[in-house]
Structure formats: C-alpha cells, structure tokens
Amino acid sequence: MISLHDLYTVLAAVVPLYVAMILAYGSVRWWGIFTPDQCSGINRFVAIFAVPLLSFHFISTNDPYEMNLRFLAADTLQKLLVLALLAVCSRLIPLRRAWVPRLDWSITLFSLSTLPNTLVMGIPLLIAMYGPYAGSLMVQIVVLQCIIWYTLLLFLFEFRAARMLIADQFPDTAASIASLHVDPDVVSLEGGRAETESKVTVDGRLHVTVRRSSASRRSTLMVTPRLSNLTGAEIYSVSSSQNPTPRGSNFNHADFFAMVGGAPPPPTPARVGGSSFSASEHYPVQSSQGPTPRGSNFDEHSAGPKHAMTDAGPQHDHDAKELHMFVWSSSASPASEVSGLPMFNGGTGAAHLGGGAKEIRMVVPVDPPQNGSCKEDGGYAAAARGGAKAVEDDGDAVQAGADGLTAKLNSSPGDEDGAQTGRARQHEMPPASVMTRLILIMVWRKLIRNPNTYSSLIGLTWSLVAFRWQVSMPRIVEKSISILSDAGLGMAMFSLGLFMALQPSIIACGNSAAVASMAVRFLAGPAVTAAASAAVGLRGTLLKVAIVQAALPQGIVPFVFAKEYNVHPAILSTAVIFGMLIALPITLAYYALLALVH
C-alpha cells in the first residue's frame, strides 16, 4: 500500500505540469492574454525547438547498451496483439462501405490503445512512482515510439490516403497501373491535396504522375497553425468553419453549352451554402428527375487565381481547354442526388470542398480536327474527378465528352449507386510493389520534414557513441541544448492548455464516443499490456511500470495525424483533452492498486 509520502511525491512531480496547462487555458479563455495567432506562434516554437531538444536530451543521456529487452519486447508484443485483433475484427464485422471505415477505425483504435503520452507525462510520473530506472525505461519506449510506431502509424494513414486516391480517380483501371511517379512538391495524398495525370502505353498499361493539386497550392490556411506531423507537442487550433466554401471554378460556360447544345441562360445570382461567390456567374443545372440543385457556379474567369478552386492542372496540348464544374447540393435534401454524380464525402476525400461538392473535369479541343479524328501524338488527355486520366481514342473527343456529360446529368441515383457498389466490391488496386513504393515515398517525405525525427536519430546516434567510447558532450553544446530542453516539458503542457482553450468543446465527439474512447485508452490498453507483459515474463516492478505507462493519457502525435488525414479527429481530440484531465486520478488508482500486488 502506498504511503502519503509516496502520494505527495507523485503529486509534486505531476501537478506543476497541470499548473502550466491551466495557466495557458486561463490566458485564452478567462483573461484574453493570447490571440489565436500568438497561440500559433507558441505552438510552433514548442514543436520545432523545445520538444525536439527535450527528446534529444532524454535519448542522448540514456545508455542504449543497458536497454531492457524484455520490457521492450512486452511493449512491442502489446502493439502487435492489438494490430492482429483489429485485423481479425475488421474481417469478421460487416460494415456497409467496405474497407474505408474498417481501416479508419483500425487506425483510431490502434492509436487509442497503444500510443500514450510517454515523453511529456510518462517520464516525470513514472520517475516519481518507481524511481529513476523507470524513467530510463520510459526513454526506451520513447525511442521506439518515435522511430518505429509513429512511422508505422504514418504508413497506415498514407496507405489509406493512397487507396482512396486510386479508388477515386481510377475506379475501373487501377489494376492496369504500371508505375506511379510523385512530383517533389507533393507532401500528402489526403483530402484533395493531390491529383493525377496518366499516360496509356501501347500495351494498355497506365503510367501515372501524382501532382500537388492546384487547390492545395492556392488554398489559404484554414487551420492555425498549419497541419504537419512535427512532434508530440505540436497542438493545433481550428479557427475556421468545418465546411469551407470553395471559390469559383474556372468553367468556361460558352464551351459547355456549345457541347451540350442550346444557348446559355441569362446569369442569375445564386448563393451556395449561405455564401455568395463574387465575380462568378451561376446557372441552374436541370435534372431529368425534376429537382434542381441549389446552384452551380460556372466561372468564366479561368485565369483569375482568386476564382479558381483548381487550375487546369498539367499543361496539355495548346489547342485543348479543361472544363470544371462544381455542382453543390445538400446531402439532406432530394437535390443532393441530382445528376447522379458521386458525392464527395467530407470525411474521406473533400476536406477542402465540403460535403456537397461534385466535380466534373474534362479536356476538350477548342478547334477539333475537321476529319473527325482527335488522335494526335498519342491522343488528347481526359481528366475526370479531380485527376487526369489519359486515353487514346480514334473517335470524336468533343462528342464523346458531351455524350458522357449528358449521360451523367441524366442518369438516375440508383444506377450510380449500383455502379459505386460494384466498384466497392471489386477493390481493384495497382500491384503491391507500385503501391508500396508510393506509400514509402510519402512516408519518407513526412519524416524528413519532422524535427522530432532528427532529434531522435541524432540523440540515439550520440548515445551509442558516447556510452561506447565514454565521450562527453562539449560544455558549450550541452548548455545550449539544456536551456531549451529544460523549458520543453513546461512549454509542452502550456501548449496543450492553449489547444484546450481554443476548442469549442472539451468533449468534441459526443458523450457515448467519449466514454468508449476512454475505455479503450484506460482499460483495454493496460489490459492488453498486462497480458503481453505476463507472456514475456515481466514480474514485480517492471510489470507495474508497464501497466501504468499504458494507462497514461493519449499521445498528441496520433491526434496530429488524425487531424491532418481527417480520420476521427474529434475522437482523438477528446482523448487528448479529456484524457489529460482524468489521467492523474486514473494513474494514481492504478498505482495504488498495483501497490497491493506483491
């Protein structure tokens, strides 16, 4: 049984962290000291300097030749068991929309159950509970988290984004993709940040180039600060609407009506989603079913950057133009089904478009050849649904584009739903080697932009050298690092308090989801850890340390990833904020209960 002195020791080590968090919360909510922009600057400082140097300090001063391999094996086994359990459940539990929700929930549950806040909360708490050696064990867990498990989590997110990009832009021809080239400026495949251009070779194989989308290049910052996967303490505050209204698209209405026939109607002002598109002309699109959508914006000013949601993408032949159309509708009204076009899901592929945006893009020649053939130098490229798919066609491209567009506008929702269901059943994907290369490229680009990656690897390298040959760090370098690393712990908690203050609600995901996520975080995670630790033979204090560290509050890096990839960010936000508030009594309860076990 723990004594009052032991309890006071733990409180003395942890309560100051909560003081920093409460002061930051009050500075925004109660006293108005910091603006959102100032909070953004503080968070960036913590992310780029304070916490990476804190991580470097802990890792570089830990002896890697004295690592407890059995303890690390227990931690690794816990994560592998959770992954295996989630894989089995995703196969056994039927879900309506194939692999997308299965993978989403698997990633979220893996984050909740296996990735605690070890660096900021775990080290001081476990040192106070079980002594300096427990702190050394936490540093070893931090090394594995930064180098292995956060990289694996990032791999899962990029795998999900890659599958969605391929399924969206190549629903029927994905298996024919022979190569995927990624432009250097592409840093993410998620949420409309990338588009594709493809070429068809004589053998029918597709060679795809992934480019950064024009909307991503020109989009203003909708999150303060911008999203990235920097460190475990980089906190973000959402300061804009969850469903931003896009700008007008560069649709040339004269070409459109020339294709489908008839003269353009007079311009009528329209408001879409409560927001008016300035300097844009809006025309109603009639459906064969009767309902008319709220309004669609055909913007003839294709050259103006302020009016284009996406630009023309890659430069095609000089005698071709690219047409864009966004059809806006509400998913709650009959108009949402007009034209039968596939809807963008706000949670899967339209973070910048909103939940009701539908897009048609195609490349048509301005002056088609008179002989009726549009084939020239391999054929015109046709772009569909946010990307560009190149096809070779001996027919009339203009008439084909018009027929295809008219068929889309006149098709019924049931037919489109049936086609989507058929595509969902097929799940055609490129060869495994092509997909693996694409995902590894994206993961690598994320890692090399992450300061914590460098701090962890450099710290581990230095510790290997220093403890092998007993080399001491120069005093000047040591003091320069310690000045900022000493502030890292408090600044991390201060940054967390700012994040809490800028959120509209502490429980953002609803009460039932919050209870479920807390149960996974504080009950399921420690239970699996206890089983894994017992399986590898941990006993006594090591077993207690393993269980308590599994009951720490949710790590912040998984939330950063969830926010960037739009995979249940509300659940992870609640786990970070509400979990931090209840973590102290829960870990103390575990500490007291485990003290009764000898």
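Colleague: Leaving aside its neighbours within four places in sequence, which residues is Ser533 in contact with?

Modeller: Contact means heavy atoms within 4.5 Å. By that rule, Ser533 touches Ala74, Leu538, Arg539, Leu543 and Ala546, leaving aside neighbours within four places in sequence. Before we go on, remember that this is a predicted model, where local features need pLDDT of at least 70, side-chain atom pairs count only at pLDDT 80 or more, and totals for chains, interfaces and linings use all residues. Residues are numbered from 1 along each chain as its sequence is written, and side-chain values use heavy atoms, with hydrogens and water left out.

Colleague: Is Ser533 buried or exposed?

Modeller: Buried means under 20% relative accessible area, exposed over 50%, and partly exposed in between (1.4 Å probe, protein chains only). Ser533 has a relative accessible area of 0%, so Ser533 is buried. Ser533 sits in helix H14, and its C-alpha atom is separated by 7.9 Å from that of Gln78, 455 residues apart along the chain.

Colleague: How do helices H3 and H14 cross?

Modeller: Helices (H or I, at least four residues) and strands (E, at least two) are DSSP runs, numbered from the N terminus. Axes are lines fitted to C-alpha atoms, for helices over the stretch in contact, and angles run from 0 to 180 degrees between N-to-C directions. The axes of H3 (residues 69-92) and H14 (residues 511-536) come within 8 Å and cross at roughly 130°. Angles under 35 degrees count as roughly parallel, over 145 as roughly antiparallel, 65 to 115 as roughly perpendicular and the rest as oblique. H3 and H14 are therefore oblique to each other. The residues of their contact divide into 9 nonpolar, 4 polar and 1 charged; here Ala, Val, Leu, Ile, Met, Phe, Trp, Tyr, Cys and Pro count as nonpolar, Asp, Glu, Lys and Arg as charged, and the others, Gly among them, as polar.
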